[in-house]
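I opened my notebook and went through this model one topic at a time.

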Amino acid sequence: MSAPPADPPLPRAAVWRRSLAPAVLLFAALLAASPLLIRGPSCGHDFDFHLASWFDALYSWSHGILYPHWAPSSNYGTGEPLFVFYPPLSWMLGAALGAVLPWSLVPFAVTFALLAGTGFGTRALARHAMAEGPAILAGCFAIFSGYALFDAIERADYGEFAGGLWIPLLLLYILRDRQPSSGTVRRAFDGSTVPLALVFAAAWLSNAPLGVIASYLLAAVALLAAILWRSWAPILRSALAVLLGLGVAGFYLVPATYEQRWVDIHAAVSGPGYEIKNSWFYAFKGDSALAYHDIVLRSASRICLAMLTLALLGLLISWRRRTLPKPEGPENLIKAHWWIPLALIPPAIFLLQLPISAPLWDFLPKLAFLQFPWRWLVAMQAPMAIFLAAALWPAGLRHRALRVASVAAIACILASGLHLAARNFYQVCDDQDAVAPMLTTYRQGAGFMGDQEYGPHGTDTTLVAEGLPFACFNTNPTIPLGVYSKDDEMFEWAPNQNTCLATFPAAPDAASPEHFSVLASTPRSGYLILGLRRYPAWQVRVNGHPPQELHDRDDGLLTVAVPAGRVRLTVDWRATPDVLFGRGLSALAALLLAALWFFERKPSRARLS
């Protein structure tokens, strides 16, 4: 039996056009990230937090722990369960790049990758309803949008930054209608449900506030699409995608949800700088304690107003030019009005910045965990970019020179915007926050400041002293370790403080981020106060047996009762039942997704035959 004839090779012009979009978007991302390449990393709000997490993740990988739970450098080397609660995609990306690149280049590489993802995601959404040229332009507008550069340069919130990729894809797979004439089931499962579930899971695995945004955005857009389609298909597709997406992310979501009872997670929203009422549009307090918060709020408010104005102007101009994005294909209600859900997103987000929306923030579950209403701007990037591209793309110009001139003018505007963003958003690193000093501190084992929301419930993270030994022996389990330093505004421990009757190092043959042991010889019964914060997942053994007593301390350090004489104490991380349940849920969801993928491929093959 002869083989089927091979497809004819694509013409050279077609190959060039196919490579144009990736080349342009990658160049735009490189240009947008270039300030970090030229001036070095910008030490934004969350920069040191993410950099330390990359160090810890790579260190855990070097010990064979593929999915770590404990961040050993937090709280000055006493650690915290950071990787239980912070979604994995951002710290995995940073650690993976740190394994192959110099650490000084990793922030630039992460920023470049996420900016490129923002461009590609927006272009994919735009390409569903626009020609290649304006879709590429929309991707460039998204890369250079005020909020993308604000996130990249000033905030360095890499997890939330990934929303520039996931939100456009989320909108694409909700609004895609590939079988408008079919029944509800076939119309819902037209090949879009599986990717929608994966994108929804990716949003949660990138950033928890982003996951909340994706959840509410998906629900609202699916409801609106159902009204426009006059069909239950969008709701059916979205509901199943949510269930499967949450299941896929279950290995992270189940422990992160269940184990919140073990930490002070509400500290993430209890501070005055994290309260929604202090982050309304132009809700500046003038309080010295919130001075920096007000500066950031002013920047975010200006960006919000600028993006809203550009989105509405783009919508108005494209309406007048009759260039509103409209997919090709058979006429039906959703295709004729495909742009309506995108047009409603900017004004809806603006309303969420105003006090009039307070009942929603108080009533809707988990919405307050966004901390800042302007985080919603990540969902405005793609609609704004698409309407701007529809308004400005010079498709109606007859002369090629005029089209080239128009594109050149747009490029100049984007470059000017980048210059202003780099000048206003770039954060110069302090001496201790730059990459090289932080790497030196990490290698010396000194560790970094921790986060109160990840500390043991009822403890105070600020009481943890710097420079602690791994094991401190004392007969008083509550004795304060360390003296408060007014210059450094922290507690510091030194041997001459005589708070330890004896100190012992961790045994080097067993030390790893999640496995420790110590050999001690104690003159009398007492307590070993470990330089390790307590957590229910730690399994402690004293001479091979469970300890008689684990004493609670205000600083949260793990304190174990030990007998007199020779003591071997081991501390090992053990998967708790919620972790095992989450992993099983993810495995089950993956199997169901695979089955759904085969089911959705049938109508796809029918269309191609």
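**Entry 1: a covered helix.** I began with α7 and found G133, P134, A135, I136, L137, A138, G139, C140, F141, A142 and I143 buried. I use "buried" for under 20% relative accessible area, "exposed" for over 50% and "partly exposed" for in between, with a 1.4 Å probe and protein chains only. That makes 11 of the 12 residues of α7 buried, so the helix is mostly covered. C140 has a relative accessible area of 8%.

**Entry 2: what I am reading.** I noted that this is a predicted model, where local features need pLDDT of at least 70 and side-chain atom pairs count only at pLDDT 80 or more, while totals for chains, interfaces and linings use all residues. Residues are numbered from 1 along each chain as its sequence is written, and side-chain values use heavy atoms, with hydrogens and water left out.

Entry 3: I checked how far α7 (residues 132-143) reaches: 17 Å from its first C-alpha to its last, close to the expected 16 Å. The expected span is 1.5 Å times one less than the number of residues. Helices (H or I, at least four residues) and strands (E, at least two) are DSSP runs, numbered from the N terminus.

**Entry 4: the sheet.** I traced an open sheet of five strands in the order β4-β1-β6-β9-β8, with antiparallel pairing. Which strands stand at the edges? They are β4 (502-504) and β8 (550-551); each has a single partner strand, so one side of each is left without a neighbour in the sheet. Two strands pair if DSSP finds at least two bridges between them. I found five bridges between β6 (residues 526-533) and β9 (residues 557-562), and R533 has L557 in β9 as its bridge partner.

**Entry 5: rings.** I looked for pairs among the rings of Phe, Tyr and Trp (its six-membered ring), which need centres within 6.5 Å; planes under 30 degrees apart count as stacked, over 60 as edge-to-face and the rest as tilted. The count came to 30 aromatic pairs. F85 and Y454 have ring centres 5.8 Å apart and planes at 10°, so they are stacked. F85 lies in helix α4 and Y454 in the loop between α23 and β1, so this pair ties together parts 369 residues apart in sequence. Both F85 and Y454 are buried. I then found F150 and W374 edge-to-face, 5.9 Å centre to centre with 75° between the planes. I also noted a cluster in which ring pairs link W70, Y258, W262, F470, F516, Y535, W538 and W573.

**Entry 6: charges over rings.** For this I needed NZ of Lys or CZ of Arg within 6 Å of the ring centre and within 35 degrees of the ring normal. R261 has its charged end over the ring of Y258, 3.9 Å from the centre. R39 lies over the face of Y426, at 3.9 Å from the ring centre.

**Entry 7: disulfides.** How many disulfides does the structure hold? I found two, taking a disulfide as a pair of cysteine sulfur atoms within 2.5 Å. C43 is joined to C429, S to S 1.8 Å, and this link is right-handed, with 85° about the S-S bond. C43 is buried at 13% relative accessible area, whereas C429 is partly exposed at 23%. In the other disulfide, C472 and C500 have sulfur atoms 2.0 Å apart, and the link is left-handed at -115°. Both C472 and C500 are buried.
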